[in-house]
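Dear colleague,

Please find the structure below. My notes on what was found in it follow directly after.

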Amino acid sequence: MAAGLVPPKPIGSTAIPYPKGAPRQKDPVVVRVEIFVDARGQVTKVELLAPGIAAFDKAVVEAARRFRFTPARYNGKAVPVNLTYKQTFMPPPASAPTKKTPPASQPARDSQLAGRLLELGTRRPLEGATVSAVVGEQIVSTKSDSAGRFLLRLPAGSARVTVHSWAHKLFVQKEKLVAQQKLEVKYYVERKRYSLYETIVRDRRRMEVSRVSLRGREVKQIAGTFGDPFRVIQTLPGTASVISLLPFPVVRGATPSSTGFLLDGTRVPLLYHLLAGPSVIHPEFIDGVDFYPGGAPAIFGGYTGGIVNGRTHNTRRTDRLIDIDVNLTQAGAFVRWPFPDAGITVSAAGRYGYPGLVLSLATNEISLSYWDYQLRVDGGNRSAGFTVFAYGARDALRTVAPNALPGDPNPPLVPALTAHFHRIEARAYHRSARLEGLYRVVLGYNHSLGAQANVTSWLLKPNAQLVFKPTPTLQVLAQIENRIQFYSLGEPASGDTPADFNIGDLIGTLDQLYVGSAVLEAIWRPSPRWMLRPGVRVDVLHDLKDTVVGVDPRLTARFRLLTRDIEGVPRESDDSAIWLKAAVGIHHQPPRFVIPLPGLDTMPLKYGLLRAVQSSVGVEVPFAKGFSLGAEGYFSYLDPTLFDLTVNVDDVNNAANGSLIAIDPTLTNAEDIVKRLTEAGTGRAYGLELLIRRRSPDGVYGWLSYTLSRAERRRDNSWVAYDFDRTHLLNLVVGIALPRRWDLGLRLQYQSGKPATTTRGYNAARRDGYLRIDLRVDKRAVWRGWLLDFYVDLLNFALLPEELAPGQKIRYIIPTLGVRGRF
Amino acid sequence: MPRQPATIAAAALALVIALLPAARADAKEHARASLPTTTREQDWQSLGLRIGLAASYGGFIGLDGAPGGHLVGGNLRIGVRLDARWSLYASFNYQVALSSGGLSGLRYSGTLEPTWHVWRGLSLSVGLGFGGIVEASTGRADATPLANEIDTSYTFPDASTPLSRCSGVGLAAVVRAEYRFQLGRQSSTGPAVELTGQWTGCAVETGNEEPDTAEPIVRRQWWPHIGASFSWIVVWR
């Protein structure tokens with residue numbers, strides 16, 4: 001059985017003669033139509049894609065209706081498809097030559113025009129383009145071969161040469177041809193549209209209930225994200241913000257540290273530089289991002305909220321790429337270079353961030369800098385291969401020294417927070433028709449040093465995963481994972497800072513942590529309509545003092561309610577169906593500090609495990625190719641909650657203090673804060689999420705997401721709103737590719753207000769919500785061998801106000817002006 | 001250790017330079033790009049997107065006691081050329097004011113501007129939209145009542161004693177004359193002179209909230225301004 005889509009093949013000739021009576025043309029005429037072919041190979045409809053000269057359009061449409069094809073096949077089955085057909089009519093000669101004896105007046109073709117057609121900017125050869133030359137009354141044309149080469153035999157004289165290719169702009173050039181000589185040329189033909197982020201569209205089968213997958217421009221050119229794939233998650237349903245600038249989402253009512261940020265399934269200890277900056281992985285490594293607001297499969301463990309999984313390019317790529325990006329806050333480079341003889345591809349990237357330069361315009365009391373690196377080697381092929389991936393990052397924050405003189409215009413700065421980590425991950429895989437294996441070892445180092453923490457940890461994490469496919473409808477996954485982590489605590493950095501609270505007090509005597517996990521999961525399609533995904537994971541955690549066990553059974557079900565006829569989408573594809581879907585499962589999580597810092601990924605197990613029971617039901621409806629609606633209702637029960645991020649005061653008599661951790665005035669020492677953070681609570685969240693999405697590789701793309709939600713915590717035997725509960729979450733994301741290599745992007749985000757404590761009680765009122773509008777403009781310049789992308793990204797360009805702390809709203813704008821070169 | 005990032009950056013740059021595709025000119029092949037298929041004037045007058053970036057310098061005069069100052073900043077203009085005579089632009093101005101005791105902070109505006117192309121590169125624009133001011137610390141004395149003296153929001157009748165700092169938005173209007181020289185088919189540049197009027201609803205938060213409603217307690221003033229600025233713009237099509 002052939003895998004994937006086998007396109008239809010024409011039966012008989014598809015030649016279309018020059019229409020009789022059509023107006024005489026100087027240049028070739030190109031007509032493009034879309035032909036709809038049914039499962040029997042019959043043409044059911046022909047649509048003109050771009051109207052031109054009526055006589056030529058009519059000739060092509062009528063001729064195409066008479067075409068016949070062998071049926072297209074998808075996984076061996078005949079399916080209806082639509083295809084684009086292009087007809088080029090060459091201008092007829094001035095007078096019809098007789099076949100046997102050309103007129104004596106016609107000059108001999110004793111000159112040659114030979115050359116290559118290359119695409120401007122990429123130097124890719126242009127195959128199948130029509131090259132025409134007009135010399136006097138003679139018109140000669142040919143097609144370029146796979147290397148873009150062509151050869152025209154012409155009479156000597158002045159020639160007007162044109163190149164036609166539907167994806168490219170008309171190319172026109174004049175050449176002087178000399179008798180008995182060969183002129184060799186190299187033509188650079190400009191494409192109509194260039195995209196920095198071309199993606200291969202894959203037909204990913206639906207296997208989860210709540211996953212939203214984003215790729216290409218959807219993750220790298222969204223306004224307000226600075227091109228960072230992971231920041232796009234904040235625009236998706238179910239995601240509320242603590243503060244819109246902080247990329248720590250409150251997903252379906254769970255505290256930010258309950259949402260995991262992973263890279264190919266491995267936790268990244270510090271995803272965002274300086275907590276709010278760009279992510280620590282160069283965007284070129286990221287192929288796409290999967291977001292699970294709930295109902296994540298059993299292979300994802302350790303989080304009671306959502307899962308954000310960045311997928312790196314998973315195969316060895318053979319094209320070279322050099323990407324250099326410089327903007328107001330950072331400079332970076334990415335190089336991908338294949339070594340065919342060694343059978344490997346090496347990718348390397350590094351960035352250095354200098355946000356302090358821009359910040360210094362506003363204040364000299366803070367200094368920020370960061371760097372990161374990635375080095376990756378991929379080898380092998382689809383059947384077997386390996387990857388070695390090393391990456392790391394370092395952030396440094398410097399603030400005014402405690403001994404600085406008051407009013408000093410240039411106060412001395414001292415290190416306030418330094419966080420860095422390194423990871424080396426080695427992966428090997430093998431794939432066959434029935435069995436796939438993936439084996440990984442991760443070695444890591446984490447360190448955070450600040451006024452309230454000095455933590456170092458070492459990590460070793462071996463993992464083995466086998467996927468067995470006994471039948472085409474059943475797939476069984478088994479995974480074993482271990483984690484061994486060693487911790488050491490030191491003295492915090494600044495002895496002069498009041499040590500009201502030291503994270504070391506939370507960590508206590510945590511010295512070693514051992515985690516053993518086992519996952520067993522099946523993906524079963526008992527009929528073409530049903531997909532069932534039962535799974536269970538068991539996590540055993542031990543820290544030399546306590547042992548805790550989490551057992552997470554999970555079940556996902558999908559039902560193909562209807563199959564719709566959608567132009568351009570095979571009926572058998574998951575993208576053509578209306579799906580009903582449901583998921584339920586238990587999710588455990590080790591106790592984790594409220595802010596993600598390297599080394600603070602797990603707190604002592606004496607606090608216990610967090611647990612959530614997640615459930616959801618939903619529907620997916622496709623409207624057209626790449627255009628769909630998703631609706632999902634969810635309910636999550638969180639019991640217990642630990643290290644829950646809270647900000648609101650218990651009583652209105654306690655003045656708002658603006659701290660991220662609500663401190664009761666009666667709590668003045670570290671034990672009190674520890675008690676508040678480690679107190680077990682109960683929570684629940686429920687709501688409805690809507691996502692209308694349009695995907696397009698080169699047109700208008702984007703999505704509209706809306707969430708109606710309620711997140712609550714149990715307090716004094718009644719349910720009250722959680723401090724970060726926002727009833728309405730609305731996001732509009734639009735990207736438009738315009739002619740002449742412009743791209744415009746707009747993001748609008750509205751989140752209704754958070755609860756506030758008033759005289760009527762705890763969280764009895766609501767503060768104002770916020771509206772933020774971001775704008776991004778990209779302009780691409782094309783040279784012969786490279787592309788240069790200029791971009792302006794204005795985050796909150798209208799300086800709309802947002803509450804930073806109780807009683808304090810700020811107006812801000814974050815502009816980014818940058819240039820990116822790709823060679 | 002401090003040198004490490006610089007070393008990494010230098011090594012990366014050296015690697016990049018080393019790997020750059022060599023511009024090998026094939027002596028036998030004549031490299032050609034396409035000849036233009038339209039005239040330059042046709043290109044600039046045809047329907048399509050235009051983006052402009054400008055640097056500007058000017059002044060803002062406060063009326064009714066509102067503080068004024070010099071403005072330095074930039075302008076982003078996004079628009080559509082509709083035909084030979086008309087364009088429609090959205091213009092975003094961001095200007096820094098650094099006048100001790102006067103206006104000190106960010107002045108911004110966003111206006112929608114129908115633009116008439118009068119003759120050659122000369123154009124006239126009239127725009128209306130929003131305009132705002134964000135000040136941090138200004139050195140101005142605080143207005144009475146002081147922040148710690150009020151327990152409810154308060155709006156001053158005028159700006160005769162301006163707030164110690166302003167954060168707010170209001171209405172803005174602009175009139176602009178511009179002359180651009182074509183640098184080629186893709187870009188043009190030239191000077192512009194503009195007159196501005198702005199009416200800003202300023203607010204200073206006291207850091208406290210109404211205990212019954214959790215509404216921030218603020219003091220408000222309305223600041224009227226007029227101004228003029230000179231800018232130099234580069235526009236791409």
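The side chains of H168(A) and E119(A) are joined by a polar contact of 2.8 Å; a polar contact is a pair of N or O atoms within 3.5 Å, where within protein one must be able to donate a hydrogen and the other to accept it, and residues adjacent in sequence count only if both atoms are side-chain atoms. Please note that this is a predicted model, in which local features need pLDDT of at least 70 and side-chain atom pairs count only at pLDDT 80 or more, while totals for chains, interfaces and linings use all residues. Residues are numbered from 1 along each chain as its sequence is written, chains are lettered from A and ligands numbered from 1 in the order in which they are written, and side-chain values use heavy atoms, with hydrogens and water left out.

H168(A) sits in the loop between β13 (157–164) and β14 (171–177) of chain A; strands (E, at least two residues) and helices (H or I, at least four) are DSSP runs, numbered from the N terminus. With a relative accessibility of 9%, H168(A) counts as buried, the classes being buried under 20% relative accessible area, exposed over 50% and partly exposed in between (1.4 Å probe, protein chains only). Beyond its neighbours within four places in sequence, H168(A) is in contact (heavy atoms within 4.5 Å) with E119(A), L126(A), V189(A), E190(A), R191(A) and K192(A).

Salt bridges come next. By the rule used, a side-chain nitrogen of Lys or Arg lies within 4 Å of a carboxyl oxygen of Asp or Glu, and the count over all chains is 51. One of them pairs K169(A) with E190(A), the closest N and O atoms being 3.4 Å apart. This pair links the loop between β13 and β14 with the loop between β15 (182–189) and β16 (212–215) of chain A, the two residues being 21 residues apart. K169(A) counts as partly exposed, at 31% relative accessibility.

Another salt bridge connects R252(A) and E632(A), with the closest N and O atoms 3.1 Å apart. R252(A) is in the loop between β18 (249–251) and β19 (260–263) and E632(A) in strand β37 (residues 627–641) of chain A, so the pair ties together parts 380 residues apart in sequence. Both are buried, R252(A) at 5% and E632(A) at 6%. E632(A) also forms a salt bridge with K581(A), at 3.6 Å between the closest N and O atoms. Through shared partners, salt bridges join R252(A), R558(A), K581(A), E620(A), E632(A) and E689(A) into one network.

The largest nonpolar core has 37 residues, of which L506(A), F593(A), L600(A), M603(A) and F643(A) touch the most other members. Such a core is a set of buried Ala, Val, Leu, Ile, Met, Phe, Trp, Tyr and Cys residues joined through side-chain atoms within 4.5 Å. At least two residues of this core come from each of α4 (503–507), β32 (512–527) and α5 (670–678) of chain A.

Finally, the interface: 46 residues from chain B and 52 residues from chain A take part in the contact. The two chains bury about 4400 Å² between them, 63% of it on carbon and sulfur atoms; buried area is the accessible area (1.4 Å probe) that two parts lose on being put together, summed over both. Across this interface there are 2 salt bridges, including one between R767(A) and E209(B), whose closest N and O atoms are 2.6 Å apart.

Yours sincerely
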